[in-house]
Structure formats: structure tokens, C-alpha cells
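Here's a quick walk through the chain you're about to see. Have a look at it first, then read on for how its pieces sit together.

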Amino acid sequence: GFDRAMTFITYAGAGAVYIVFAPVVAGLLLFRGLKREGSVLVLSLAGAALLNYLLKHLFERARPDLYRVIAETGYSFPSGHAMVSFCFYGMAAYIAGRHIASAWKRRAFYAATALLIGTIGFSRIYLGVHYPSDIAGGYIAGGTWLAFCISFLWWWEHKKRRRNSKDSQNDGGRRN
């Protein structure tokens, strides 16, 4: 039963989930007029996938072979499930959290997201397809990329606010 539960959880960090879930979330953000947030969510996911590919081919670490519940191919370090889930779910939680007014609800949402990301990483070790250092490497690389993406979103929003401020100063504060 625990094997099935860990297999189910690990698929929350699989590429097939992102192929379905990412366009839906990005589409909802665009529908709500949150173009920048939707764009940065996609950037976060695409960048994490590219970074994962590059790092795996840089390190070329073999997967553990002592105990496997599921079959996996490819290199082990860093864990793509850990890295990409940290970036995608982390960015989605950051964006959603900006729209949750209650501090305790926001913290609870962040804690639930962290639990999901942590459980995905644990599932990869439990299933025998990654070493703990693969998960740690995925989280470190993913956290770094996520921090860059959040910083990029802040910069983009600041740039827009400055442009809007200059526009309102140039037209004497009148709105057209």
C-alpha cells in the first residue's frame, strides 16, 4: 500500500502532470489578467526543465540500483522531480499567495505546498530511483532558479509601475 502511495505521489512531479496542469494554471492566470505571473510561471517551469537536462548531462551520475520499486531511465543527479516540482509548485504558490489576504491562510497554503514538494522528493528516494543528494541537488538548483524567477517578476512589475508613473506624470495626472 505504501509503495502505491509513493508511486502516486511521485507522479505529482512527473512531466505528464506539468504538460496538463501548467497550461491550465497559466491560462487561468491570463484569464484573470495576470499576464506577467502566467508568463513567469511558464518561464519557471521551462527553465527548470532545461536546467535539469543540462545538469544531468553535466554530472552523468548513475541511478541507485540496490532497491527499485519503479523503473527509471536516465541520469540521477540532480532529481528532476525535486527540481521541477520546487520551481513549478513553488512559483504557483508564490503567485497564489499574493492573492490570499489572510496571513494564516497564506502560511497554511505555503506549508501545504512545501509538504507536497518535500513528499515528492521523499518518494523518489523511497522508490529507489534517487540518492538523497540527488534530491538535495534538485532542491538547491530549483530554489536558485525559483528565486531568480521571483526576482524577475518583481523587476518586471517595478518596471511597469515606473513606466505607468512616468506616463501619468507626462499627461499631468489625467487618465484617458
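## Ground rules

A word on axes before anything else: an axis here is a line fitted to C-alpha atoms, for helices over the stretch in contact, and angles run from 0 to 180 degrees between N-to-C directions. Helices (H or I, at least four residues) and strands (E, at least two) are DSSP runs, numbered from the N terminus.

This is a predicted model, so local features need pLDDT of at least 70 and side-chain atom pairs count only at pLDDT 80 or more, while totals for chains, interfaces and linings use all residues. Residues are numbered from 1 along each chain as its sequence is written, and side-chain values use heavy atoms, with hydrogens and water left out.

## The chain at a glance

Along the principal axes, the C-alpha atoms fill a box of roughly 70 × 35 × 25 Å.

Out of 176 residues, 37% count as buried (buried means under 20% relative accessible area, exposed over 50%, and partly exposed in between, with a 1.4 Å probe and protein chains only). Take the contacts (heavy atoms within 4.5 Å) between residues at least 6 apart in sequence: 75% of them join residues at least 24 apart.

Which residues of α1 are buried? In this helix, residues 2-10, they are Met6, Thr7 and Thr10. They cover an arc of only 100 degrees around the axis, which puts them on the same side of α1; the arc is that of the directions from the helix axis to the C-beta atoms. On the other side of α1, Arg4 and Phe8 are exposed.

The buried residues of α1 pack against α4 (80-97) and α5 (103-126).

## How α1 meets α5

Two packed helices are described by the angle between their axes and the distance between the axes. For α1 and α5, the axes come within 8 Å and cross at roughly 125 degrees. The two helices are therefore oblique to each other (angles under 35 degrees count as roughly parallel, over 145 as roughly antiparallel, 65 to 115 as roughly perpendicular and the rest as oblique).

α1 passes α5 in a left-handed crossing, a label used if the near helix is turned anticlockwise from the far one by less than a right angle, with right-handed used if clockwise. On the α1 side of the contact you'll find Phe2, Asp3, Met6, Ile9 and Thr10, and these meet Thr119, Ile120, Phe122, Ser123, Arg124 and Tyr126 in α5. By class, that makes six nonpolar, three polar and two charged residues (Ala, Val, Leu, Ile, Met, Phe, Trp, Tyr, Cys and Pro count as nonpolar, Asp, Glu, Lys and Arg as charged, and the others, Gly among them, as polar).

## The α4 and α5 pair

At what angle do α4 and α5 pack? It's about 170 degrees, with the axes 10 Å apart. α4 and α5 are therefore roughly antiparallel to each other.

From α4, the contact takes in His81, Ser85, Phe86, Tyr89, Gly90, Ala93, Tyr94, Ala96 and Gly97; from α5 come Arg106, Phe109, Tyr110, Thr113, Leu116, Ile117, Ile120 and Arg124. The residues of this contact split into ten nonpolar, five polar and two charged.

## Between α3 and α4

The loop between α3 (35-59) and α4 holds proline 78. A cis peptide bond joins phenylalanine 77 to proline 78, with omega about -10 degrees. Glutamate 60 is in the loop between α3 and α4 too. Phi of glutamate 60 is near 50 degrees, a positive value in a residue other than glycine, and glutamate 60 is partly exposed, at a relative accessible area of 46%.

Leucine 58 lies in α3 and is exposed, with a relative accessible area of 61%. From leucine 58 to phenylalanine 77 it's 19 residues in sequence and 9.2 Å in space, C-alpha to C-alpha.

## Two buried glycines

Glycine 80 lies in α4 and is buried, with a relative accessible area of 13%. Leaving aside neighbours within four places in sequence, glycine 80 is in contact with Asn52, Lys56 and Ser85.

Over in α5 sits glycine 121. Is glycine 121 buried or exposed? It's buried, with a relative accessible area of 1%. Leaving aside neighbours within four places in sequence, glycine 121 is in contact with Ile135 and Tyr139.
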